[in-house]
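The entries follow in the order I made them.

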Amino acid sequence: MPITQDQQAEIDAQRGQTSQTLRATVSGIEQHLYKAHDVLDHGFIRVIDYMGDDSAICQAARVSYGKGTKSVQNDEGLIRYLMRHWHSTPFEMCEIKLHVKLPVFVARQWIRHRTANVNEYSARYSILDREFYIPAPEDLAAQSVVNNQGRGEALSGEEAQRVLRYLQDDATRAYDHYEEMISQDDQQGLARELARMNLPANIYTQWYWKVDLHNLFHFLRLRADAHAQYEIRVYADAICEVVKDWVPAAYGAFEDYRLGGAQLSGKALDCVKRMLTGEVVTQETSGMSKGEWREFEGVVRNA
């Protein structure tokens with residue numbers, strides 16, 4: 001289980017404390033505060049703190065005092081305008097801080113988004129738990145033949161079972177040796193900062209991750225996309241559910257213009273115009289490479 005009894009008791013205690021404030025609060029995300037939302041086999045995300053709401057985005061865009069005379073419809077229209085025209089700074093007025101438990105190899109993908117504040121659990125000072133990400137059998141897949149970064153068809157039969165056995169056995173063996181090396185029973189014991197190098201990339205780590213809404217949307221646009229690696233996409237999907245309750249108008253615009261939208265190159269837009277006139281356009285006559293054309297076809301088919 002991702003959450004131990006002691007951790008759940010701590011969460012319950014945190015949720016049992018309330019305080020009055022003059023700052024903007026959002027009932028939707030208040031329901032998420034401190035709660036752990038399970039992800040993968042041992043991971044989770046939970047909201048630790050947040051700042052701002054949909055009104056804060058509009059207030060920053062208008063640089064006004066309070067809510068003024070603008071209606072909810074005006075605010076939603078403004079937010080959609082800001083999203084549609086790629087304005088960023090008003091969305092930076094909102095921030096969220098998350099506690100995330102995730103496999104190390106997912107963390108190394110995640111940390112590529114350098115526009116956040118991160119503080120990670122340190123294996124120099126503490127001993128990592130014996131928890132590893134082991135994929136479900138249906139999530140084991142062969143290398144994609146069209147995408148060097150992606151997966152293809154799922155493994156099956158004896159091959160799938162063999163891979164699962166290797167993953168579990170190798171992780172267990174590495175952790176056994178880790179414990180033996182740092183043990184001080186009848187030996188000096190290797191320093192934790194050295195022993196950690198032997199741990200597998202599927203072991204779990206934890207961090208606090210604080211980010212503004214503009215950069216969070218950029219993260220979600222890439223990581224909640226269907227082409228993102230499954231193991232990071234499920235974290236992005238869980239965060240999407242939280243953001244939807246935090247800033248519903250902003251998330252609605254993001255979902256429409258970013259997650260559900262598509263950006264076309266000049267050549268692609270020209271192809272669309274030609275198609276609308278009835279012209280049959282092929283990859284050879286499009287001016288696009290095979291890769292560009294394949295992506296363009298995917299957009300047109302899904303439109």
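I began with the lining of the largest pocket, where helix 13 gives the most, with 7 residues. Helices here are DSSP runs of H or I with at least four residues, strands are runs of E with at least two, and both are numbered from the N terminus. The model is predicted, so I noted that local features need pLDDT of at least 70, side-chain atom pairs count only at pLDDT 80 or more, and totals for chains, interfaces and linings use all residues. Residues are numbered from 1 along each chain as its sequence is written, and side-chain values use heavy atoms, without hydrogens and water.

I then looked up the volume of the largest pocket, which is about 1,700 Å³. A pocket is an open set of points on a 1 Å grid where a 1.4 Å probe fits, with protein on both sides within 12 Å along at least five of seven lines; lining residues have an atom within 4 Å of a point. The volume is the space filled by probe spheres set on the points. The lining has 38 residues, and Asp-225, Ala-226, His-227, Ala-228 and Glu-295 are the closest to the pocket centre. Helix 4 (72-84), helix 8 (213-223), helix 9 (230-246), helix 10 (248-259) and helix 13 (290-302) each give two or more residues to this lining.

Next I turned to the whole protein. I found 13 helices and 7 strands. The C-alpha atoms fill a box of roughly 80 × 60 × 30 Å along the principal axes.
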